[in-house]
Amino acid sequence: MTDIRAYNREAWNRAVSQGNIWTLPVSPEAIAQARQGEWRILLTETKPTPRHWFPADLTGVDVLCLASGGGQQGPILAAAGANVTVFDNSPAQLAQDRLVAEREGLAIVTIEGDMRDLSALADASFDLIFHPVSNVFIPDVPPVWREAYRVLRPGGVLLAGFMNPLIYLFDRTLAEEQNILQVRYSLPYSDLTSLSEEERLRLNGPDAPYEFGHSLTDQIGGQLAAGFVLTDFYEDIQPHDVIAQFAPSYVATRAVKGYGR
Ligand SMILES: C[S@@+](CC[C@H](N)C(=O)[O-])C[C@H]1O[C@@H](n2cnc3c(N)ncnc32)[C@H](O)[C@@H]1O
């Protein structure tokens, strides 16, 4: 059995040393602006998360940046006044958050762990969870929604970004080399079982984390089944992806934990 969590931990540690864009800490200028109330952060790749998805005033708001290491969203939200905990599977990603925190004099808690198991965190201990596109790196999503629900306070908000499942349906060699979209895979998709090892190495290279394409039943139905009420939604694109010419690559949802089920 492949230890997916351990494999992806090493893959994301390598991504940090290779300068992957999702591992690059924010600049001192972005932090200075966030301290003045001017900030934008990403749940998906290009569209900033709408400001009205967050509380009007972040001062003292307890925020969990879930599978969101890299010195990006956590430090911005901390500079905007929130009490931030960054939870991630990659020590190198968490080190990026600590680097910005030390550089800027921000108090940020970092916790290493698996997004499906938040047992290090108490029930009802956060007001907001910011969960950018990262459940693509785990094989099973419903535990994330259940744990997010547990650690939020009643009235708490879950902001989540995830892949549009159709991204995983098409033959990638044909798409990338000939711009042809031909359905080849079915959902749920897994780099481990949908591709041969030879294909995986050819298409993804030896350094990439394993990816998984989840159904909307798991992504949206899973949030509803955990008890969340969805209140808003947008889609976004992966700018250089062939499929993005025809359909959005990402989904973002805003969900609220009600005061009783
Ligand atoms: C694309 S990056 C997202 C972080 C980035 N700050 C962003 O803007 O989206 C995906 C993150 O998910 C984390 N991750 C992957 N598998 C995980 C798991 N099982 N539990 C927690 N975090 C995980 C990776 O270490 C990585 O930091």
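Predicted model: local features only at pLDDT ≥ 70, side-chain atom pairs only at ≥ 80, totals over all residues.

Visitor: What makes A67 count as buried?

Guide: A67 has 25 C-beta neighbours inside 10 Å. The term buried requires 20 or more other C-beta atoms within 10 Å, so A67 with its 25 counts as buried. A67 is located in the loop between β1 (62–66) and α3 (73–79), and its phi is positive, near 50°, although A67 is a residue other than glycine.

Visitor: Why is N179 called exposed?

Guide: N179 has 9 other C-beta atoms within 10 Å.

Visitor: What makes the peptide bond from L187 to P188 cis?

Guide: Omega of that bond is near -5°, and the bond is cis. P188 lies in the loop between α6 (172–178) and β6 (189–190).

Visitor: Which residues of helix α8 are buried, and how do you know that they line one face of the helix?

Guide: In α8 (residues 216–226), the buried residues are D218, Q219, G222, Q223 and A226. Viewed down the axis of α8, they fall within an arc of 110°, so they line one face.

Visitor: What covers the buried residues of α8, and what follows the helix?

Guide: The cover includes α5 (142–151), β5 (152–163), β8 (228–236) and β9 (250–257). After α8 comes G227, with a positive phi near 120°.

Notes: Residues numbered from 1 in each chain as written. Buried ≥ 20, exposed ≤ 12 C-beta atoms within 10 Å, placed from the backbone. Helix = DSSP H or I, 4+ residues; strand = E, 2+ residues; numbered from the N terminus. Arc of directions from axis to C-beta. Contact = placed C-beta atoms within 7 Å.
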